[in-house]
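User: I would like to go through the labels given to this structure and check each one against its criterion. Please show the structure before we start.

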Amino acid sequence: MTGVRLLEVSRNEDGQRLDNYLLRHCPGVPKSHIYRIIRKGEVRVDGKRAKAMRRLVAGEQVRIPPLRMKSTDKVRVPDDYAARAAAAVVFESADMLALAKPAGVAVHAGSGIPVGLIDALRQARDEPGLELVHRLDRATSGLLLVARNGLVNRELQALFRERRVEKRYLALVAGQWPATLADIDAPLSKNVAHAGERRVMVDPEGQPAQTAFTIVARLAGATLLDVTLHTGRTHQIRVHARHAGHPVIGDERYGDNRINRAFREQGLGRLFLHSRLLAFEWRGERLTLDVPVDEAWQAAIDGLDS
């Protein structure tokens, strides 16, 4: 059990939410307990109660009550995994890195996953301050942004939050996508109980969600789409594609098992969703990052086209 701690917010932590700050400084403490001590006023910022969403300012003092925390022993990533993470970097600047994330790789540790891509990258580059700017689902491939410090991370996350980042994907969907269906505006709700699991569902009372779809190619039993996200809801493309009646091929959560099985028999055994482009203004210049699909994806498309 720790004693009372008084921590000063550093420059790199400026702008970070109080709940995220506490989660970082209190390893192993359940989220529910973090929110409880905030609600009860046991956490103070410059001597005053504060809400979980409050953004901290460099120089402020945070009082953290006694807590039982887990050991912070460093996790060792296998060398070959670290090497693959380093090789995935496709862009580097003083502020950020961009990676071409392979399909099937988790970006961070979680239930049953001891290490993630971000852990491997930190080890490979000996940069413990690297932070994920956004997430990609484990099954999705493509562009992943990583900030080189907390301050840059919050600036980049603000661009995403304010919808100032152009986000484009490639998606291979089942069936022939209607030429007249260019935009889907269907609100989404998270954590809806369905068939014994939690998932995202179209819901008139949900959060606004808009996706634009452009047909790239019509293939045997499938359509290749260029997709632009105007909002960034969880599983947005996958849920909107299902809502249109043309699920993403290989989608085990929102797709059709019979369709997925038929495509697996043709060698298409992954989720065919790829984050191909991110573009935004950064330090007075337009930064455009574009990552093509890998050879396995292209070979699968060529097989359908033959």
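**Labels and their criteria**

Analyst: Arginine 283 lies in the loop between strand 15 (273-282) and strand 16 (285-290). The model is a predicted one. Phi of arginine 283 is near 55 degrees, a positive value in a residue other than glycine.

User: What makes the pair of aspartate 95 and arginine 283 a salt bridge?

Analyst: The closest N and O atoms of aspartate 95 and arginine 283 are 3.6 Å apart. A salt bridge needs a side-chain nitrogen of Lys or Arg within 4 Å of a carboxyl oxygen of Asp or Glu, so the pair qualifies. Aspartate 95 sits in the loop between strand 5 (89-92) and strand 6 (96-101), so the pair ties together parts that are 188 residues apart in sequence.

User: How do you know whether glutamate 42 and lysine 40 are buried, partly exposed or exposed?

Analyst: Glutamate 42 has 26% relative accessibility. That value falls between the 20% and 50% cut-offs, so glutamate 42 counts as partly exposed. Lysine 40 has a relative accessible area of 54%; exposed means over 50%, so lysine 40 is exposed. The side chains of these two residues, glutamate 42 and lysine 40, meet in a salt bridge (3.3 Å, N to O).

User: What about aspartate 19: buried or exposed?

Analyst: Aspartate 19 has a relative accessible area of 1%. With buried set at under 20%, aspartate 19 is therefore buried. Its side chain meets that of arginine 17 in a salt bridge (2.7 Å, N to O).

User: Why are helix 3 and helix 4 called roughly perpendicular?

Analyst: Helix 3 (residues 79-87) and helix 4 pack at an angle of about 90 degrees, their axes being 8 Å apart. Angles of 65 to 115 degrees count as roughly perpendicular, so the label applies to helix 3 and helix 4. Residues in this contact include Tyr81 and Ala85 in helix 3, and Leu117 and Leu121 in helix 4. The contact residues divide into eight nonpolar, one polar and one charged.

User: What makes aspartate 126 exposed?

Analyst: Aspartate 126 has 63% relative accessibility, and exposed means over 50%, so aspartate 126 counts as exposed. Aspartate 126 is in the loop between helix 4 (117-125) and strand 7 (131-132).

Methods
Residues are numbered from 1 along each chain as its sequence is written. This is a predicted model: local features need pLDDT of at least 70, side-chain atom pairs count only at pLDDT 80 or more; totals for chains, interfaces and linings use all residues. Side-chain values use heavy atoms; hydrogens and water are left out. Helices (H or I, at least four residues) and strands (E, at least two) are DSSP runs, numbered from the N terminus. Buried means under 20% relative accessible area, exposed over 50%, partly exposed in between (1.4 Å probe, protein chains only). Axes are lines fitted to C-alpha atoms, for helices over the stretch in contact, and angles run from 0 to 180 degrees between N-to-C directions. Angles under 35 degrees count as roughly parallel, over 145 as roughly antiparallel, 65 to 115 as roughly perpendicular and the rest as oblique. Contact means heavy atoms within 4.5 Å. Ala, Val, Leu, Ile, Met, Phe, Trp, Tyr, Cys and Pro count as nonpolar, Asp, Glu, Lys and Arg as charged, and the others, Gly among them, as polar.
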